[in-house]
Amino acid sequence: MPVQAFVFPGQGSQSVGMGRDLAEAFAPAREVFQEVDDALGQHLSKLMFDGPMEDLTRTDNAQPALMAVSLAVLRVLEREGGVDLKRDVALVAGHSLGEYSALAAAGALGVAQTARLLRLRGNAMQKAVPPGMGGMAALIGVGMDMERATSLCAEAATFTDDAGKVHTQVLEVANDNGGGQVVVAGEMAAIDRVIALAKAQGVKRALKLPVSAPFHCSMMAPAAEEMRAALADTDIKVPVVPVVANVTAAKVTDPATIRDLLVRQVTGTVRWRESVDAMVAMGVDSFVEIGSGKVLSGLVKRINGNMATRPVGTPADIEAYLAAR
């Protein structure tokens, strides 16, 4: 029997139409979408199904929407396919907002509770930095790793003004995605400098990401404080399977620790490469991506080509997964 980890995607995996075929095919999926709509007082499912993409991509919409699709898929697997997370899955993990999906999947948070937290998180992250002040860039190529990206950030963060005075701006590693892909975040001028520097040093691809804020860096400190206040009042239960946390790349089950790690996650690096390596070291040999898109399946393959990966996000995917069990 394969030792499975269920992993849950983050921002960037959204697309107009996501979840529509699930809602048409499965009553349990419709229930999840209705639960999220009711929790937010918004027809988020209509935005997911019909767009426009511009509104769906807004971080306060994308975060709960991606969680909704993931939990809809999971509920169908459980209700219609007899999947039992505690029995069938060794670990869960998610990329950035996907960590909330993982926690909801494992019963640490309720669906409505998670939707409200992610709406708050999206709003807090959006308003933490004025528009245009910060951004993110992907550095991609053979040999691109945490060490090299950290070195590039340190060099590009400083500049000398016309008066000869040296200044240092915020520029930090946001996501260590593995497979030669690292994402950095910080002040916009520093993002421009690191892209130019990376290209000058022969990095294969260095490009700005189409995001509205510099996520997972110290500029998000105001958002972290908002989440600290919100999570202090949140009932978090012990998950039925351990969650591998973004900021530690280690498994966690203690509710107080989960609460602290979710706060730290707002400004901390998403250590995805280390998280995958840790899950493999714990015996996982099969990664099932639950929700929209195939981003994490691709990342896992680039981190460890020996791992079996399977995206499960559509009725056809669900049928194939259940048939292979």
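User: Hi! How far apart are the end C-alpha atoms of residues 7-317, and what share of the span is helix or strand?

Analyst: Hello! This is a predicted model, and in it those end C-alpha atoms lie 15 Å apart. The span is 50% helix and 17% strand.

User: Thanks. What does UniProt say about residues 7-317?

Analyst: The record, an unreviewed entry, annotates residues 7-317 as "domain: Malonyl-CoA:ACP transacylase (MAT)".

User: Switching to strands: what is the order in the open sheet of 4 strands?

Analyst: The order is β6-β7-β3-β8, and the pairing is antiparallel. β6 (171-178) and β8 (205-208) each have a single partner strand, so one side of each has no neighbour in the sheet. From one strand to the next, the twist averages 20 degrees.

User: Got it. Is β6 largely enclosed or left open by the rest of the structure?

Analyst: Largely enclosed, because 7 of its 8 residues are buried. Here, buried means under 20% relative accessible area.

User: Nice. And how many bridges join β6 to β7?

Analyst: There are 6 bridges between β6 and β7 (residues 181-187), which run antiparallel. Within this pair, Asp176 stands opposite Val182 of β7.

User: Which residue stands opposite Ile140?

Analyst: Arg205 in β8 stands opposite Ile140.

Key: Residues numbered from 1 in each chain as written. Predicted model: local features only at pLDDT ≥ 70, side-chain atom pairs only at ≥ 80, totals over all residues. Heavy atoms only, no water. Pairing = 2+ DSSP bridges. Helix = DSSP H or I, 4+ residues; strand = E, 2+ residues; numbered from the N terminus. Axes fitted to C-alpha atoms, helices over the stretch in contact; angles between N-to-C directions. Buried < 20%, exposed > 50% of the residue type's maximum accessible area, 1.4 Å probe, protein only. UniProt positions renumbered as here; feature names shortened; annotations may be inferred.
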